[in-house]
Amino acid sequence: MSGITGPAVRTDRLRVERGGSTVLHDLDLAVPSGAITGLLGPSGCGKTTLLRAIVGVQVVAAGTVTVLGRPAGSPELRRHVAYVTQAPSVYGDLTVLENLRYFARIVDVGEEDVIRAVDQVGLADAAGRLAGRLSGGQRARVSLASALLGRPDLLVLDEPTVGLDPVLRQELWTTFHELADGGTTLLVSSHVMDEAARCDGLLLMRDGRLLAAGTPPELLGRTGADDIEGAFLSLVTPRREVLS
Amino acid sequence: MSARITLATAARVLRQLRRDPRTLALLLLVPILLVTLLDWVFAGRPEVFDRIGVPLVGIFPLVSMFLVSSIAMLRERTSGTLERLLTLPLAKLDLLLGYGLAFALVAVVQASLVTGVAVGLLGLDVGGSLLLVVLFAVGNAVLGMSLGLFASAFAASEFQAVQFMPALLLPQILLCGLIAPRDAMARGLELLSAALPMTYAFDALSRLSVGDEDAGRLLLDGGVLVGVTLAALGLGAATLRRRTA
Ligand SMILES: Nc1ncnc2c1ncn2[C@@H]1O[C@H](COP(=O)(O)OP(=O)(O)OP(=O)(O)O)[C@@H](O)[C@H]1O
Ligand SMILES: [Mg+2]
């Protein structure tokens with residue numbers, strides 16, 4: 001969608017309840033467009049839930065989520081937002097190419113985009129193999145490739161590089177930066193701290209709340225830590241001195 | 001709604017079925033084996049085989065299609081591919097009609113095979129038009145498929161999904177007139193059976209078995225089956241939620 005100014009995603013007092021408890025507490029945040037934003041936080045803090053709310057598949061208790069200028073989940077957004085779930089979502093009984101060709105028909109792109117997406121995730125050698133017979137990391141890349149097919153404006157990636165070796169991670173991050181340079185907005189959740197340093201901006205979450213937001217250097221400066229991992233730990237760990 | 005996406009979905013479902021030859025074989029062979037067994041059971045009484053053989057040729061495919069389609073849809077849900085599809089520009093009916101189209105094609109093969117074997121090899125004596133018998137058998141299989149797709153919305157696991165088969169289909173088999181004539185049932189049961197789609201499938205097929213081709217009745221029966229099929233697909237689409245908790 002052209003003509004969007006301001007952030008690609010904005011949440012306003014977003015509250016989500018799952019299984020009877022509040023998972024996101026009145027969350028206010030913004031994701032700048034045309035950049036890579038990393039979403040970090042301990043396991044169970046609500047990263048996946050937030051991403052689901054942004055792509056419009058999560059029931060929301062209160063607040064608003066605005067994506068590319070429209071309410072999250074609007075039908076028009078389905079052509080512009082792509083989502084890669086944390087667990088790879090592909091058909092195990094189809095080959096890599098058959099999976100991608102099916103999703104390509106849905107987003108109405110051709111064979112050249114299928115080939116490009118396979119190359120972007122480094123799966124050209126496995127293109128003819130059944131997705132169910134691939135390794136976990138390979139299957140995750142099929143899932144990622146399906147999201148790259150339609151050249152979305154907003155890419156929402158839930159831990160896309162889990163289980164991948166450093167060489168592959170390096171390559172994928174190069175691809176992510178190329179996409180961002182081309183104007184795509186990326187929102188990437190991650191546990192891997194050295195990946196945080198590759199993001200243009202970071203959102204740090206804990207227990208369904210936003211702890212901090214800023215560029216990696218800003219967060220380092222604010223916490224006085226040497227690296228992102230230190231900054232993360234000092235922000236995420238409850239302050240002992242308050243208790244004693 | 002988009003014909004492109006519906007057809008792509010049907011092709012994808014058929015490709016997945018082809019990768020699973022055992023399921024395909026079970027779908028096509030089990031009804032044939034059951035009709036053969038029925039023929040043996042009534043070996044000395046061919047008039048009984050003729051009377052219930054034709055309706056059962058239509059009911060076996062309904063049951064197997066129900067099971068296969070409800071499990072297929074459930075797998076779509078548990079594998080996460082349903083969530084992915086629902087974030088894409090795909091109408092919910094595209095998905096259901098895609099499944100419908102794919103399984104309808106399988107149903108044509110299945111119903112033709114079972115009718116062919118029953119009539120050609122086992123000597124089933126069909127009083128009425130063979131083409132109409134196949135048509136109603138296919139219609140039944142498609143009905144079973146759409147009921148299965150709808151039922152899968154209420155199943156959170158394979159265990160639950162398979163239980164829907166006895167829960168939803170066995171009462172219909174008991175009440176449709178196959179076990180006991182409907183007019184011999186208690187009034188309440190007779191009325192209940194009038195609200196169940198299999199009653200109309202049985203009515204049409206048992207008429208055809210004795211060569212009664214009352215066009216008005218057959219049109220009514222066929223109309224009810226098509227109507228329930230479309231209603232189940234529509235309800236299936238309505239119960240498919242893009243947003244979940
Ligand atoms: N389907 C569900 N039903 C009920 N509660 C859920 C469901 N999924 C997640 N939760 C709860 O919501 C909270 C946030 O979960 P979420 O999956 O968003 O965490 P996360 O930050 O993505 O964790 P991880 O890093 O382990 O993926 C957790 O407390 C979790 O137990
Ligand atoms: Mg998660």
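Here are some questions and answers about this predicted model.

User: What order do the strands take in the open sheet of six strands in chain A?
Analyst: Let's start with the pairing, which is mixed in this open sheet. From one strand to the next, the twist averages 15 degrees. Reading across chain A, the order is β6-β7-β8-β3-β9-β10.

User: Why do β6 and β10 of chain A each have one side left without a neighbour in the sheet?
Analyst: Take β6 (81-84) and β10 (209-214) of chain A and look at their partners. Each has a single partner strand, so one side has no neighbour in the sheet, and that's because both stand at the edges.

User: Which residue in β9(A) is the bridge partner of Gly38(A)?
Analyst: Strand β3 of chain A covers residues 36-40, and β9 of chain A covers residues 201-206. The two pair over four bridges, in the parallel sense. Within β9(A), the partner of Gly38(A) is Leu202(A).

User: At about what angle does helix α4 of chain A run to β6(A)?
Analyst: Helix α4 spans residues 136-148 of chain A. It lies across β6 and β7 (154-158) of chain A, and its angle to β6(A) is about 175 degrees.

User: Which helix of chain A gives the largest share of the shell around ligand 1?
Analyst: The shell includes Arg18(A), Gly44(A), Lys47(A), Thr48(A), Thr49(A) and Gln86(A). By class, it has eight polar, two nonpolar and two charged residues. The largest share is three residues, and they come from helix α1 (residues 47-55) of chain A.

User: Which helix gives the most to the side of domain 1 of chain A that touches domain 2 of chain A?
Analyst: Domain 1 of chain A takes in 1-80 + 153-209, while domain 2 is 88-151. Their centres, taken over C-alpha atoms, are 22 Å apart. The contact uses nine residues from domain 1 of chain A and eight from domain 2 of chain A. On the domain 1 side, the top contributor, with three residues, is helix α5 (residues 166-181) of chain A.

User: How many nonpolar residues are on the side of chain A that touches chain B?
Analyst: The contact between the chains involves 22 residues of chain A and 22 residues of chain B. Helix α2 (residues 96-107) of chain A gives the most to the chain A side, with five residues. Sorted by class, that side has six charged and five polar residues, and its nonpolar residues number 11.

Notes:
Residues are numbered from 1 along each chain as its sequence is written. Chains are lettered from A and ligands numbered from 1 in the order in which they are written. This is a predicted model: local features need pLDDT of at least 70, side-chain atom pairs count only at pLDDT 80 or more; totals for chains, interfaces and linings use all residues. Two strands pair if DSSP finds at least two bridges between them. Axes are lines fitted to C-alpha atoms, for helices over the stretch in contact, and angles run from 0 to 180 degrees between N-to-C directions. Two residues are in contact if their C-beta atoms, placed from the backbone, lie within 7 Å. Ala, Val, Leu, Ile, Met, Phe, Trp, Tyr, Cys and Pro count as nonpolar, Asp, Glu, Lys and Arg as charged, and the others, Gly among them, as polar. A residue is near a molecule or strand if its C-beta atom, placed from the backbone, lies within 6 Å of it. Domain bounds come from an automatic or database domain assignment.
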